[in-house]
Amino acid sequence: MAEQDVTQSGSTDVSQDVAKDFAATLDQLETLVARLESGELTLEASLTAFERGIRLTRDAQQRLDSAELKVQALLEQGDGTLQASPFDAQAPNDER
């Protein structure tokens, strides 16, 4: 039965395959990993699940990249006001 679920979901359109939000994408990935780790899937069903996991992973990464571009750090000025500045993903690594 689990094998049928993976096979059927693997044959759906990619746009239908991705989750509506990031949390749902992660939930789907966790479910796929658990099914793959269970060892109960056939080779074909495992490959289909793996391919679906790759698509979900790419979708999640795209969502994270998009969110990173939208994030802004708020810096407090001397007079107590806040100034928005672009998010710098390299800032924590600048300590080299």
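Arg63 and Asp59 form a salt bridge, with their closest N and O atoms 2.8 Å apart; the term requires a side-chain nitrogen of Lys or Arg within 4 Å of a carboxyl oxygen of Asp or Glu. A search of the whole structure finds 1 salt bridge. The model is predicted: local features need pLDDT of at least 70, side-chain atom pairs count only at pLDDT 80 or more, and totals for chains, interfaces and linings use all residues. Residues are numbered from 1 along each chain as its sequence is written, and side-chain values use heavy atoms, with hydrogens and water left out.

**Chain overview**
- The protein chain has 4 helices and 2 strands, in the order α-α-α-α-β-β from the N terminus; helices (H or I, at least four residues) and strands (E, at least two) are DSSP runs numbered from the N terminus.
- Of its 96 residues, 18% count as buried, where buried means under 20% relative accessible area, exposed over 50%, and partly exposed in between (1.4 Å probe, protein chains only).
- Among contacts in the protein chain with a separation of 6 or more, 58% join residues 24 or more positions apart; a contact means heavy atoms within 4.5 Å.
- The protein chain exposes about 7300 Å², of which carbon and sulfur atoms supply 53%; accessible areas come from the Shrake-Rupley method with a 1.4 Å probe, and for residues only the protein chains shown count as cover.

- Arg63 and Asp59 are separated by about one helical turn because they are 4 residues apart in helix α4.
- Arg63 counts as partly exposed at 27% relative accessibility, whereas Asp59 counts as buried at 11%.

**Helix α3**
- Helix α3 (residues 22-38) has 17 residues and reaches 24 Å from its first C-alpha to its last, close to the 24 Å expected at 1.5 Å a residue; the expected span is 1.5 Å times one less than the number of residues.
- Thr25, Leu29 and Leu32 are buried in α3.
- These residues lie on the same side of α3 because they cover an arc of only 65° around the axis, the arc being that of the directions from the helix axis to the C-beta atoms.
- Glu30 and Glu37 are exposed on the other side of α3.
- Gly39 follows α3 and has a positive phi, near 75°.

**Surface patch**
- Leu36, Phe50 and Ile54 form a nonpolar surface patch with about 240 Å² of accessible area together.
- Patches are made of residues with over 30% relative accessible area and no salt bridge, with like charges joined within 9 Å and nonpolar side chains (Val, Leu, Ile, Met, Phe, Trp, Tyr) within 5 Å.
- Phe50 lies in helix α4 (residues 43-70).
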